[in-house]
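Hi,

Here is the structure I said I would pass on. Have a look at it first, and my notes on what turned up follow below.

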Amino acid sequence: QSAVNVPRDFEGCSTLRKYFGQLHYLQSRIPMGAEQEAAVPIAWTEIFSGKTVTHEDIKYEQACILYNLGALHSMLGAMDKRVSEECAAGAFTYLRDHFPHSYSVDMSHQILNLNINLMLGQAQECLLEKSMLDNRKSFLVARISAQVVDYYKEACRALENSETASLLGKIQKDWKKLVQMKIYYFAAVAHLHMGKQAEEQQKFGERVIYFQSALDKLNEAIKLAKGQPETVQEALRFTMDVIGGKYNSAKKDNDFIYHEAVPALDTLQSVKGAPLVKALPVNPTDPAVTGPDIFAKLVPMAAHEASSLYSEEKAKLLRDVMAKIEAKNEVLDQFMDSMQLDPETVDNLDMYSHIPPILMEKCAALSVRPDTVKNLVQSMQVLSGVFTDVEASLKEIRDLLEEDEAQERKLQELLGKVPPPQASPPPLSPGLAEVSKECSKYMEVHEKASFTNTELHKAMNLHIGNLRLLSGPLEQVRAALPSPTLTEDDKQVLQNLKRILGKVQEMRDQRASLEQQLREMIQKDDITTSLVTTDRSEMKKLFEEQLKKYDQIKVYLEQNLAAQENVLKALTDANVKYAAVRKALAEVEHKWNTTVQTLVASYEAYEDLMKKSQEGKDFYTDLEGKAAKLLEKARAACQAAEANRQQILEKEMKKQPPPRPTAPKPALQKKAPELEGGGGLDAGELPPPPLGSLLLAELPEELRSL
């Protein structure tokens, strides 16, 4: 109802557009076309004949709405100020290009052409007037005016058509006369401004002929303007004053001053029109104009099937693009793996400018414990003292045992019991045997602990210097860490490599971004609404049109992929130059890491050293106590053994008979070699007294007790 009784304003235009769009949506869902089940009769009154034309076809209703939209736009344009270049030609053009021309006479091809060119011509007139008011350049104004002439010539050709003439009747002659008058008038305006351009270029002969031509055309327009309103007559008189004045002045100046030859008009270049107006577009599926599709939930199976086909087209496009991307990515990954260039670590110069956090943490921990090194040294000194005491005690016990063994051997010799050279030492007394056993056990434990103690001292000597360094000023710690020394050329090589690696990453990021954009576009691309309103025969064309939206992003991806070869070539060249720098940096980095690890290890070893030092002190303190007790026990046992030996000697001496008179010394001296030589006794000689008795007899009194 709103579309049939539309108000004569822009709101009415909006209503017609919305209704036209909804008819477009409806036609693909309900069979309302010619000779279809749900077709309804639509009546239309022809504007020129007054006849009523009826068709049962939804497309006919759409054509009627479009015609009214163009007519309403033209009415509003006539009422509006002449400052807009938009016009009603859009509705008539869409009607001409998309609908049959047999519905009614006023929708015939010639009538629609007439309407289109009349609308475009009038819109171009508005633009011409605006250009003149804005004092645009003369040549541009001439071209705009020439285009007005072209539009009206097309309208005139449509008017001269016999079919149009019979339809329009008397109106045809009036319209033709008016259009021809406009053709001459705007041709005069065009030549007027061409003459002004010639004047600006100081082509005074051309100026005269252009002004003369403008005057001639204006006179023709005045002849055709008979019967036109007074406003038209007034405009023509004003124009005559302007052109006539320009022509008279130009002719006089040329005759008396410039004396330039006046060329023939047909020898000059014709003025080419500049079409600068635009027809208001008609898009029945534009939601901003049509509003939401009120039949959106009615989707025919054919549309679903077409949507599936379109989805496959999108999937095929994505597969093709992804195949290219993956191939390039594989080449890039293999290349970068072979290069072994990590953009994050290729330039690690910054790490040498500061102490690493882990080392700072250790320095901070030691700064609150300033006596760390001192405590460790003192602890190790105490351990050394206890170790020395234990070793001294065990040595003394061993010495006592060895002395006792020596005394026991002497006793055996005195008693005449000389053991063979390879014989084991004489058995110890039970007390000394126990002491010897315990001493051996303590010695074994001490030897093992001595090795551990030596290793502990070595470890302390290894770490003590590092701990002193960590406890000192940070500047000393920083100075102790290695750092690379690069020449300016080395730095330039490094910077160039970093720049190209940045390009590689930039290429990767852009590629990933474009791929993501493409996937999102494909995901969101739903043309079901368009498919509903598209004829099956037009599906392929629609797919092609819709897939064009991906062309731009495909171009960007192609450019990205094509750039890879050049980027990798540049990276190869840069890497060759980087080889020597890389080796030097790797060596320094290895030294730096080793130094840091060593310093951290020294800090972490401190607590372990203190713990082991304390354990060593505890162990040796315990061992020292046991060794001291064993030493007392050894002394007591040695004294007891000595007393026992003394008793044995005394008993042995009591058993001996009183000494015989001693023989002369020479005889004794003579006998000794025989004894010593191992010679036998002569028959009848007495055996000698025991050796022990002889020795005791020979010893001075003060030594016998030994």
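Let me start with one arginine: leaving aside neighbours within four places in sequence, R207 is in contact with G195, A198, E199, A250, D253 and Y258. R207 sits in helix α8. Its relative accessibility is 5%, and because buried means under 20%, R207 counts as buried. Before you read too much into any side chain, do keep in mind that this is a predicted model.

**The chain as a whole**

The chain has 706 residues, and 37% of them are buried. If you take the contacts with a separation of 6 or more, 80% are between residues 24 or more positions apart.

**α7 and α8**

Back to the helix that holds R207. Helix α7 covers residues 170-200 and helix α8 covers residues 204-224; their axes come within 8 Å and cross at roughly 165°. That angle is over 145 degrees, so α7 is roughly antiparallel to α8. The crossing of α7 past α8 is left-handed. Sorted by class, their contact has 14 nonpolar, four polar and seven charged residues.

The loop between α7 and α8 is where you will find Q202. Q202 is not a glycine, yet its phi is positive, at about 60°. Is Q202 buried or exposed? Its relative accessibility comes to 56%, so Q202 counts as exposed.

**α1 and α2**

The other helix pair I looked at is α1 (residues 10-27) with α2 (residues 58-79), which pack at an angle of about 160° with their axes 10 Å apart. These two are therefore roughly antiparallel as well. Here, too, the crossing is left-handed, with α1 passing α2.

If you want to pick out the contact in your viewer, these are the residues on either side:

- from α1: F10, G12, C13, L16, R17, Y19, F20, L23, H24, L26 and Q27
- from α2: I58, K59, E61, Q62, I65, L66, N68, L69, L72, H73 and L76

By class, the contact of α1 with α2 has 13 nonpolar, six polar and three charged residues.

What does H73 contact, leaving aside its neighbours within four places in sequence? The answer is C13, R17, A88 and L280. C13 and R17 are on the α1 list above.

Between α1 and β1 (42-45) there is a loop, and E35 lies in it. E35 has a relative accessible area of 83%, so E35 is exposed. E35 and D57 are 22 residues apart in sequence, while their C-alpha atoms are 7.6 Å apart in space.

Helix α4 takes in residues 109-133, 25 residues in total. From the first C-alpha of α4 to the last, the helix reaches 36 Å, close to the 36 Å expected at 1.5 Å a residue. α4 is mostly covered, with 18 of its 25 residues buried. After α4 comes N135, where phi is positive and near 55°.

Helix α16 has 37 residues, 488-524. It reaches 53 Å from first C-alpha to last, close to the 54 Å expected at 1.5 Å a residue. Which residues of α16 are buried? They are V493, L494, L497, I500, L501, V504, M507, R511, L514, E515, L518 and I522. You will notice R511 and E515 in that list.

**Another positive phi**

There is also H259, in the loop between α9 (230-258) and β4 (278-279). H259 has a phi near 55°, a positive value in a residue other than glycine. With a relative accessible area of 56%, H259 is exposed.

That is what I have for now. Have a browse and send me any questions.

Cheers

Methods:
Residues numbered from 1 in each chain as written. Predicted model: local features only at pLDDT ≥ 70, side-chain atom pairs only at ≥ 80, totals over all residues. Heavy atoms only, no water. Helix = DSSP H or I, 4+ residues; strand = E, 2+ residues; numbered from the N terminus. Expected span 1.5 Å × (residues − 1). Buried < 20%, exposed > 50% of the residue type's maximum accessible area, 1.4 Å probe, protein only. Axes fitted to C-alpha atoms, helices over the stretch in contact; angles between N-to-C directions. Parallel < 35°, antiparallel > 145°, perpendicular 65-115°, else oblique. Left-handed = near helix turned anticlockwise from the far one by under 90°. Contact = heavy atoms within 4.5 Å. Nonpolar A, V, L, I, M, F, W, Y, C, P; charged D, E, K, R; others polar.
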